[in-house]
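This briefing goes through a protein model by topic. Have the sequence and the 3D view open while reading.

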Amino acid sequence: MLSETKKIWMDGTFVDWADANIHILTHTLHYGTGAFEGIRCYKTKKGPAIFRLREHVDRLFDSCHILKMKPPFSAKEMEKAIIETVRVNSMEECYIRPLVYIGYGAMGLFPKGNPIKVAIAVWPWGAYLGEEGIRNGIRVKVSSFTRLHINVTMTKSKTCGDYVNSTLAKSEAVACGYDEALILDTSGFVSEGTGQNVFIVRDGMLITPPLPAVLEGITRRSIIEMAAKEKIRVSERNFTRDEVYIADEAFFTGTAAEVTPIREVDNRAVGDGKPGPVTRKLQNLFFRIVKGEAAAYKSWLAHV
């Protein structure tokens, strides 16, 4: 369950958590045409700091552009609103959810002149896949659901409705006793998790699916940049589910998942069934960065 905070930002005004309501005929609620972001704020010695805020806001506006939705606020105004929402709620650490959606007005698939609305909520949220998962890795199932084809939807947008595919895959995996799902694309190659990008390691090489196959994850991009500085070779290429089975290491990345090792896929241990050295190295560096302990990456943090 969500832990309530004090205020939610809605269209430029702070309202009480319990009063952040919309009309039942809000267009996005029925048809899924909306865009959102997931962002994290971390506790540092210099106070709360938001990880890669500008990149997240830029991606939110890219999603809106793809969906032909024009937010009534600029990117700079959104950045300031996000920082202020964290501040108003006195959060040292939190998850941040900006949402741009089509409001109440005309019904039917074409929204006509419906207003574009914006909201920002923050709340405490620990390790998405569990502290045990962060430490020792998670169990994953290759899903029976396929990632949406690039001509079925706009795959570079974090579109609200597209995540129905993910909720089905996640629910299936959990019902089967796993922690998470791994989704294949329409050609049968590994694509991503239900809300995460995926990496494997073979012979010291870090491998991840190419951008046409996945959402452009900001944590994904960060890991690739970090790996380059750490002299870890990186390859963006397609690979199959059985290549994951025989990988030396595997892990998920994402704002919610952060860097979560994968210890098992389809009842097959990945490597020796424990987080490997490359995973651990990048995971440890990631948490040092978000806590403000890595000076070379200080530009990635927006202090509140």
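The charged end of Arg268 sits over the ring of Tyr245, at 4.1 Å from the ring centre. A charge counts as over a ring if NZ of Lys or CZ of Arg is within 6 Å of the ring centre and within 35 degrees of the ring normal. The model is predicted: local features need pLDDT of at least 70, side-chain atom pairs count only at pLDDT 80 or more, and totals for chains, interfaces and linings use all residues. Residues are numbered from 1 along each chain as its sequence is written, and side-chain values use heavy atoms, with hydrogens and water left out.

**Rings and charges**

- Arg139 also has its charged end over a ring, that of Tyr178, 4.5 Å from the centre.
- Rings of Phe, Tyr and Trp (its six-membered ring) pair if their centres lie within 6.5 Å; planes under 30 degrees apart count as stacked, over 60 as edge-to-face and the rest as tilted.
- By this rule there are 11 aromatic pairs.
- The pair of Tyr95 and Trp123 is tilted, because the ring centres are 5.2 Å apart and the planes stand at 45°.
- Tyr95 belongs to strand E6 (residues 94-102) and Trp123 to strand E7 (residues 116-123), so this pair ties together parts 28 residues apart in sequence.
- Helices (H or I, at least four residues) and strands (E, at least two) are DSSP runs, numbered from the N terminus.
- Tyr95 is buried at 4% relative accessibility, and Trp123 is buried at 9%.
- Buried means under 20% relative accessible area, exposed over 50%, and partly exposed in between (1.4 Å probe, protein chains only).
- Phe286 and Phe287 make an edge-to-face pair, because their centres are 5.3 Å apart and their planes are at 80°.

**Cavities**

- On a 1 Å grid over the protein atoms alone, a cavity is a set of points where a 1.4 Å probe fits but cannot get out; lining residues have an atom within 4 Å of a point.
- Grid points are joined across faces, edges and corners, and a volume is the space filled by probe spheres set on the points.
- The structure has two cavities of 30 Å³ or more.
- The largest cavity has a volume of about 40 Å³, and its lining includes Arg40, Phe51, Glu258 and Phe286.
- The second largest cavity, of about 30 Å³, has Asp248, Pro261 and Lys274 among its lining residues.
- Strand E14 (249-254) and strand E15 (258-265) each give two or more residues to the lining of the second largest cavity.

**Strand pairing**

- Two strands pair if DSSP finds at least two bridges between them.
- Strand E11 (residues 197-202) and strand E12 (residues 205-208) run antiparallel and are joined by three bridges.
- Val201 stands opposite Leu206 in E12.
- E12 is also joined by three bridges to strand E13 (residues 234-236), and these two run parallel.
- Thr208 has Glu236 in E13 as its bridge partner.

**Positive phi values**

- Most residues other than glycine have a negative phi.
- Asp203 takes a positive phi near 50° in the hairpin of E11 and E12, which has two residues between the strands.
- Ser90 has a positive phi near 55° and lies in the loop between helix H3 (75-88) and E6.
- Asp266 has a positive phi near 50° and lies in the loop between E15 and strand E16 (268-269).

Definitions and conventions: 1 Å grid on protein atoms, 1.4 Å probe; cavity = no way out; pocket = protein on both sides within 12 Å on 5 of 7 lines; lining within 4 Å.
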